Amino acid sequence: MSATVAVVLVLALGTYAFRLTGPVLHGRVTLPARVQELLSAGAVVLLVAMLATGALTEGGGFSGWARPAGVLVGVGLAWRKTPFVVVVLGAAGTTALLRGLGVG
């Protein structure tokens, strides 16, 4: 067995163990309300950081103004609870229009 196969198997087992932990410990471990609030806030912070990184950077540099504008349009449409297809098409359309106009 090669080292690559061994690493993949170890990662697969670790992933399975993480996925199994939730159902196994459900009901056995209770977290205080404050910890639950902090975990929820932490999840939101991580999602916003991932969104900002994906929207603002490309190849280690600034991605240009078209992509962040498209993301903002998508966020605005999602905030207004429009259907998902409209959100995606609005964001992509805004980005494409701005790039077509040379905004980059």
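Let me start with helices α2 and α3: the axes of α2, residues 33–56, and α3, residues 66–79, come within 8 Å and cross at roughly 140°, where axes are lines fitted to C-alpha atoms over the stretch in contact and angles run from 0 to 180 degrees between N-to-C directions. Helices here are DSSP runs of H or I with at least four residues, numbered from the N terminus. On the α2 side the contact is made by L51, G54, A55 and L56, and on the α3 side by R67, P68 and V71, with contact meaning heavy atoms within 4.5 Å. By class, that contact has 5 nonpolar, 1 polar and 1 charged residues; Ala, Val, Leu, Ile, Met, Phe, Trp, Tyr, Cys and Pro count as nonpolar, Asp, Glu, Lys and Arg as charged, and the others, Gly among them, as polar.

A word on the source: this is a predicted model, in which local features need pLDDT of at least 70 and side-chain atom pairs count only at pLDDT 80 or more, while totals for chains, interfaces and linings use all residues. Residues are numbered from 1 along each chain as its sequence is written, and side-chain values use heavy atoms, with hydrogens and water left out.

Staying with α3, V73 is found in that helix and is partly exposed, with a relative accessible area of 30%; buried means under 20%, exposed over 50%, and partly exposed in between, for a 1.4 Å probe and protein chains only. Not counting residues up to four places away in sequence, V73 touches G90, A91 and T94, and its C-alpha lies 9.1 Å from that of A92, 19 residues apart in sequence. T95, in helix α4, residues 84–100, counts as buried at 13% relative accessibility, and, leaving aside neighbours within four places in sequence, T95 is in contact with A66, R67 and G70.

Turning to aromatic rings, the count comes to 1 aromatic pair, taking rings of Phe, Tyr and Trp (its six-membered ring) whose centres lie within 6.5 Å, with planes under 30 degrees apart stacked, over 60 edge-to-face and the rest tilted. F62 and W65 form an edge-to-face pair, 5.0 Å centre to centre with 70° between the planes; F62 is partly exposed at 47% relative accessible area, whereas W65 is exposed at 59%.

Lastly, just after α1, G27 takes a positive phi of about 90°.

Terms used:
Helix = DSSP H or I, 4+ residues; strand = E, 2+ residues; numbered from the N terminus.
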